[in-house]
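Here is a short briefing on one protein model. Look over the sequence and the fold before reading on.

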Amino acid sequence: MGVSVHIKKQLDSFLLDISFESEAKRIGILGASGCGKSMTLKSIAGIVVPDEGKIEAGGRVFFDSSARINLKPQKRNAGYLFQNYALFPTMTVEKNIAAGLRGNRAETAARVKQMAEKFQLQGLEKRLPSELSGGQQQRVALARIMAYEPDIILLDEPFSALDMYLKDQLQRELSEMLKDYEGTVILVSHNRDEVYRFSEELLVIDQGKIAVSGKTKEIFENPVSKEAARLTGCKNFSRACRLDAHTAEALDWGITLHTSGEIPEDTLWIGYRAHDFVPVWGEGGENMLKFDLESSAELPFEHNYYIKAGETVCWFIQREKMSVIEERGLPDYLRLEEEKMLFLK
């Protein structure tokens, strides 16, 4: 059934121009704050009306400007989980869960009981949202959505307000609770780990447009664009000058890179992830940066080194690999491995 979104909407600072189709069950949308992620989700839900375009999900047309179709949010059967969960503050847990249900009292009560059990809310039915923990509130919000069996679930930065420990716990809980859900789930986030963990397919949005889309793992391995590389965690970038199919200058690092594979003709940037450098002691060689230490920072689980190379270059080494540095001292060079080089537009 899948989802198909082709929309345009003029926002204050840019034009939201999004076009994608996917049959995946779990889709991630990654982007910086204010890039148009949430606006895309709200357009699918019917909270925002695009200027033009077409939206289909689960085999139904939600919106089609040319055919003058614009289903009301309640007719789209889309479950929308807001950042703050949007629970009704004066209603108990059971009344919040029942809020979207249509049916007689007995049917509603049975469905609420079923959802309370599924989402481990037994004993909390009479409590108000203010008497619940963040995790419990999220479970109530999800139970309310799942009670009316939506065709599509839209998650809008659902973990953004939580601390790291709770965030990790709730991500696991959410995946578990959605395990047997057959519909499409779209998660919007600016957190790369969240998106990587959750989604099969990924859209990276930059200033209202899709910078790159495809299988999540493939995008992390080969982000194609500089913005996609940055959003997937790459820290090091240099302007590139492609000299031929196997040679490129990293202008900001002052080195020339040689490859056995072909360098794409449209390469404008070279990216390299901070954990991927290989330390070298002794003589320099091909594809190496001189190790000229600018500063360093010791963190609980890794040591970060900042190297002078025109632009500052970050090298992050995890704690379990620090023993070699303790034994041999700091390296003379850092080698860039060809399979880890990112050639970017």
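Rings of Phe, Tyr and Trp (its six-membered ring) pair if their centres lie within 6.5 Å; planes under 30 degrees apart count as stacked, over 60 as edge-to-face and the rest as tilted. By that rule, ring pairs link Phe 291, Tyr 305 and Trp 315 into a cluster.

The model is predicted: local features need pLDDT of at least 70, side-chain atom pairs count only at pLDDT 80 or more, and totals for chains, interfaces and linings use all residues. Residues are numbered from 1 along each chain as its sequence is written, and side-chain values use heavy atoms, with hydrogens and water left out.

**Overall build**

- The protein has nine helices and 22 strands. Both are DSSP runs numbered from the N terminus: helices are H or I with at least four residues, strands are E with at least two.
- The C-alpha trace spans about 80 × 50 × 35 Å along its principal axes.
- Of the 345 residues, 48% are buried. Buried means under 20% relative accessible area, exposed means over 50%, and partly exposed is in between (1.4 Å probe, protein chains only).
- Contact means heavy atoms within 4.5 Å. Among contacts with a separation of 6 or more, 63% are between residues 24 or more positions apart.

**Surface and charge**

- The accessible surface comes to about 17,400 Å², and carbon and sulfur atoms hold 47% of it. Areas come from the Shrake-Rupley method with a 1.4 Å probe; for residues, only the protein chains shown count as cover.
- There are 44 positive and 52 negative side chains. Lys and Arg count as positive and Asp and Glu as negative; His and the chain ends are not counted.
- The centres of the two charge sets lie 9 Å apart. Each charge is placed at NZ of Lys, CZ of Arg, CG of Asp or CD of Glu.

**Nonpolar cores**

- A nonpolar core is a set of buried Ala, Val, Leu, Ile, Met, Phe, Trp, Tyr and Cys residues joined through side-chain atoms within 4.5 Å.
- The largest core has 40 residues. Ile 97, Phe 119, Leu 121, Met 146, Ile 153, Leu 155 and Leu 178 touch the most other members.
- Helix α4 (residues 134-147) supplies the largest share of this core, seven residues.
- Beyond its neighbours within four places in sequence, Ile 97 contacts Val 112, Met 115, Leu 121, Val 140, Ala 143, Arg 144 and Ala 147.
- A second, separate core of 27 residues includes Val 3, Phe 14, Ala 24 and Ile 29.

**Aromatic pairs**

- The whole structure holds six aromatic pairs.
- The ring centres of Tyr 196 and Phe 220 are 4.7 Å apart and their planes are at 70 degrees, so this pair is edge-to-face.
- Tyr 196 lies in helix α6 (residues 192-198) and Phe 220 in helix α7 (residues 216-221), so the pair ties together parts 24 residues apart in sequence.
- Tyr 196 is partly exposed at 35% relative accessible area, whereas Phe 220 is buried at 13%.
- Tyr 272 and Phe 277 form a tilted pair, 4.6 Å centre to centre with 40 degrees between the planes. Tyr 272 is buried at 0% relative accessibility, and Phe 277 is buried at 5%.

- Gly 214 lies in strand β11 (residues 209-215) and is partly exposed at 25%.
- Gly 214 and Ser 22 are 192 residues apart in sequence but 9.2 Å apart in space, C-alpha to C-alpha.
- His 303 lies in strand β19 (residues 302-307) and is buried at 13%.
- Not counting residues up to four places away in sequence, His 303 touches Ser 296, Ala 297, Glu 298, Trp 315, Phe 316, Ile 317 and Met 322.
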